[in-house]
Amino acid sequence: MVVFAGKRLPKGIAQTMPEDWAMAKSDKGWITGETFFEYVLNVFYPWLVEKNIKLPVILFLDGHVSHLTYHLSVFCESKGIHIIAFYPNATHIQQPLDVAMFGPLKQEWAKEVHKWRMQTQEPLNKMQFSPMLNTVIKTRLTEATIKSGFATCGLYPWNPQAIDYSKCLTTSCDPEPSNPDPDNIPLPTSLELNNNQLGHNYLEIIINKQTLQQFKEELNNDVWTGPTEA
């Protein structure tokens, strides 16, 4: 779905759109709760039906407020579409579009625009936008690229270890002192605390529930009385 900026859609723009695309408008050309609901209602769900895709399905979103509206939630729940939002500020490691697709797509788009300008000596306008983008998507965005994005993000096949967690960490140019003063050690940041909690939660998921319960029961004991291998 192409979102045009302004109060009205450009005259004659519908004739330039591919048949299976949709168009919408917003004040700034950004996605809004209304336009995204239109997309799911008029494009995404009909596509699921047309392709005979078995429901329920998961729809991964970046968690922006425009994607998480009440009427959208009600509609998706009624149709068997489960919305899962990524963690805030984590799209660079979890969003397949950011990880694998946007980069190559932008590069190929830039080449196509340059080619257009060289051939026509004219600036690109809204009437040429959709046909040109459609050409780039169909000829240069491969199925393998799309699948690699989901695999790299650990979404499909499901694999939490596939994510490059190093992108969540910040580095410092200042070396740490060999013998730091314990009175001057800085407190952990909220990001570090959050990462620690995420790691803790993940460990609790993969540990056997019976063993985990025993760990919690003996949390304050000086000596571990459970199996040595645990």
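**Group meeting: a walk around the chain**

Hi everyone, let's start at Q121, which sits in the loop between helix 4 and helix 5. Helices here are DSSP runs of H or I with at least four residues, strands are E runs of at least two, and both are numbered from the N terminus. Q121 isn't a glycine, yet its phi is positive, at about 60°. Is Q121 buried or exposed? With 62% relative accessibility, Q121 is exposed. For that label, buried means under 20% relative accessible area, exposed over 50%, and partly exposed in between, with a 1.4 Å probe and protein chains only.

Quick ground rules. This is a predicted model, where local features need pLDDT of at least 70 and side-chain atom pairs count only at pLDDT 80 or more, while totals for chains, interfaces and linings use all residues. Residues are numbered from 1 along each chain as its sequence is written, and side-chain values use heavy atoms, leaving out hydrogens and water.

How confident is the predictor? The chain's average pLDDT (confidence per residue, from 0 to 100) is 84, and 87% of the residues score at least 70. Helix 2, residues 70–79, has the highest confidence, at 95. At the other end is helix 7, residues 190–206, with the lowest, a mean of 68. Where pLDDT is low, the predicted coordinates should not be read in detail.

Now the layout. There are eight helices and four strands in the chain, and along the sequence they run β-β-α-β-α-β-α-α-α-α-α-α. The chain has 230 residues, and 25% of them are buried.

On to helix packing, with helix 1 (residues 33–50) and helix 2. Their axes come within 10 Å and cross at roughly 20°. Those axes are lines fitted to C-alpha atoms over the stretch in contact, and angles run from 0 to 180 degrees between N-to-C directions. The two helices are therefore roughly parallel; that label goes with angles under 35 degrees, roughly antiparallel with over 145, roughly perpendicular with 65 to 115, and oblique with the rest. Helix 1 brings G33, F36, F37, V40, L41 and Y45 to this contact, and helix 2 brings H71, L72, F75, C76 and K79.

Click on Y45 in helix 1 for a moment. Leaving out residues up to four places away in sequence, apart from those Y45 touches V40, L55, F75, K79 and I81. Y45 is also 9.9 Å from G80, C-alpha to C-alpha, although 35 residues separate the two in sequence. And Y45 belongs to an aromatic cluster together with F37 and F75.

On the helix 4 side you'll find P96, V99, A100 and M101, meeting T145, I146, S148, G149, F150 and T152 of helix 6.

How many aromatic pairs does the structure hold? Five. Rings of Phe, Tyr and Trp (its six-membered ring) pair if their centres lie within 6.5 Å; planes under 30 degrees apart are stacked, over 60 edge-to-face, and the rest tilted. F60 and F86 are stacked, 5.6 Å centre to centre with 5° between the planes. F60 is in strand 3 (residues 57–61) and F86 in the loop between strand 4 (81–85) and helix 3 (91–94), so this pair ties together parts 26 residues apart in sequence. F60 is partly exposed at 24% relative accessible area, whereas F86 is buried at 6%.

Another pair is W109 with F129: ring centres 5.4 Å apart and planes at 70°, so edge-to-face. W109 belongs to helix 4 (residues 96–120) and F129 to helix 5 (residues 126–140), 20 residues apart. W109 is partly exposed at 21%, and F129 is partly exposed at 27%.

Last stop, the backbone. The L55 to P56 peptide bond is cis, with omega near 5°, and P56 lies in the loop between helix 1 and strand 3. N52 is in the loop between helix 1 and strand 3 too, with a positive phi near 55° despite not being glycine. N52 is exposed, at 69% relative accessibility. Finally, Y156 to P157 is a cis bond with omega near -5°, and P157 is in the loop between helix 6 and helix 7.

Technical notes. pLDDT is the predictor's confidence in each residue, from 0 to 100. Contact means heavy atoms within 4.5 Å.
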